[in-house]
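Could you open the structure in your viewer and get ready to select a few side chains?

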Amino acid sequence: MGLCVGCGICMSICPHQAVKIIKDSKNGIYKPVVSEKCKECGLCVEACFGIGVDPKLSLDIFNKDSEDTVLGTCLNCYVGYACDNEIRYSSASGGIVTALLLFALEEKIVDGVLVTKMDERRPLEPKPFIAKTKSEVISAARSKYCPVPADIAVKAIMEEEGHYAVVGLPCHIYGIRKAESIYPDLANKILFHIGIFCGGMPNFLATEYLLRRLKVKVEEVTRIEYRGEGWPGKMQIELEGTHDNKLLLPYPEYWDAFGSLFRPYRCTLCADGFNKFADVSCGDAWLPEYQSDKLGASLIITRNKIGEQLISSAYEKGRIQIKKIECARVKQAQKSMIKFKTHNLRARFQLLKTIGKPLPVYNNMNVEIPPPTLINYTHCALFYLLRLMASKRYMWNLLDAYHALRQHVPQIFISKVKRVLQSV
């Protein structure tokens with residue numbers, strides 16, 4: 001129904017090996033292909049984040065319903081960073097996730113960690129794998145702003161012995177949690193679920209469009225990293241030729257306000273920005289007091305005793321530095337993400353339902369969201385129109401024209417239009 005996010009969980013849990021994840025180059029995403037081996041057991045549907053969220057999952061994991069409809073279940077909130085300045089500088093958001101993974105691995109709490117790096121042979125594509133050494137974990141540091149299928153890596157955990165930590169976006173963590181409910185042995189193997197905050201995953205077309213604007217051919221790229229080099233970081237694009245042939249683009253400016261237009265359809269309908277089913281969730285600390293810190297810091301949400309123990313132990317061992325904060329500060333730091341994920345969500349659902357588009361099933365919409373206004377509907381209509389342009393390579397010239405126009409339209413005129421719509 002077009003609701004797939006390409007997380008790959010369906011392939012990893014299929015008992016008949018009937019599902020294969022392939023890259024859909026036309027639409028810039030991964031998608032499952034089902035073969036004649038399928039016995040229609042329904043396990044792939046049961047674990048699918050795309051078609052909806054199981055309202056009982058939070059109760060099953062945390063033994064209680066979420067107290068906060070935006071943040072999810074919260075035990076404690078912190079701001080923190082890796083004590084190793086090299087890791088902190090070369091990672092995203094202060095290196096907290098890398099530091100936690102190294103701590104769990106080097107203390108022999110886990111035997112491996114599920115992480116993702118960019119593929120050396122196909123530099124614009126990700127490569128999820130099980131890291132078992134410090135160098136392997138560090139190679140996977142930094143954010144990946146592209147689709148990531150966790151299929152093969154999750155399958156490896158299911159087939160191997162030992163204990164593991166997994167890192168993923170909300171769709172990955174949800175799928176893994178559902179897979180654990182189907183296969184209890186998998187639940188016994190995965191000790192830690194570390195979730196990354198997610199404002200929306202760009203598809204592969206986003207990077208392709210960015211390279212086009214930079215007048216760089218896809219085949220010229222030999223390596224790409226989306227974050228690192230301090231905070232908030234830079235995109236690093238290495239081109240064929242000498243090692244010094246590199247482009248450095250500041251984050252998040254390199255998306256130039258168009259990155260959100262390249263999210264897969266299902267991502268535009270996701271209400272989970274804070275990775276509500278993880279033991280620990282982490283994301284950028286966009287707070288005034290940390291804006292000048294060029295090494296970076298991360299927001300941390302612990303959701304259960306498992307997550308709290310991991311954070312506390314890493315702190316006591318001198319691997320991370322943390323400071324407790326109020327949960328309201330987390331919302332303050334991520335207000336732009338919350339605005340997209342929640343404030344306009346009801347309007348997007350109603351608008352898409354009106355035109356007959358398929359929608360995921362949620363138990364209930366966030367009760368904190370006020371009824372949509374005319375300006376909400378106007379924003380949503382414009383967003384999906386621009387997203388249509390972004391999804392078709394032959395329409396990218398129109399997208400270029402929109403960006404050029406947007407740069408020249410006075411902001412005072414835009415403000416007046418917004419005031420008129422709000423009054424209506």
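Start by selecting Lys117 and Phe129: Lys117 lies over the face of the Phe129 ring, 5.0 Å from the ring centre. A charge sits over a ring here if NZ of Lys or CZ of Arg is within 6 Å of the ring centre and within 35 degrees of the ring normal. Next, pick Tyr265, where the charged end of Lys357 sits over the ring, 5.0 Å from its centre.

A word on the model before moving on. It is a predicted one, in which local features need pLDDT of at least 70 and side-chain atom pairs count only at pLDDT 80 or more, while totals for chains, interfaces and linings use all residues. Residues are numbered from 1 along each chain as its sequence is written, and side-chain values use heavy atoms, with hydrogens and water left out.

Now for ring pairs: the whole structure holds 20 aromatic pairs. Rings of Phe, Tyr and Trp (its six-membered ring) pair if their centres lie within 6.5 Å; planes under 30 degrees apart count as stacked, over 60 as edge-to-face and the rest as tilted. Select Phe197 and Phe274: their ring centres are 4.9 Å apart and their planes stand at 75°, so this pair is edge-to-face. Phe274 counts as buried, at 1% relative accessibility (buried means under 20% relative accessible area, exposed over 50%, partly exposed in between, with a 1.4 Å probe and protein chains only).

For the last stop, show Tyr145, Tyr209, Tyr226, Tyr251, Tyr254, Trp255, Phe258, Phe262 and Trp396, which ring pairs link into a cluster.
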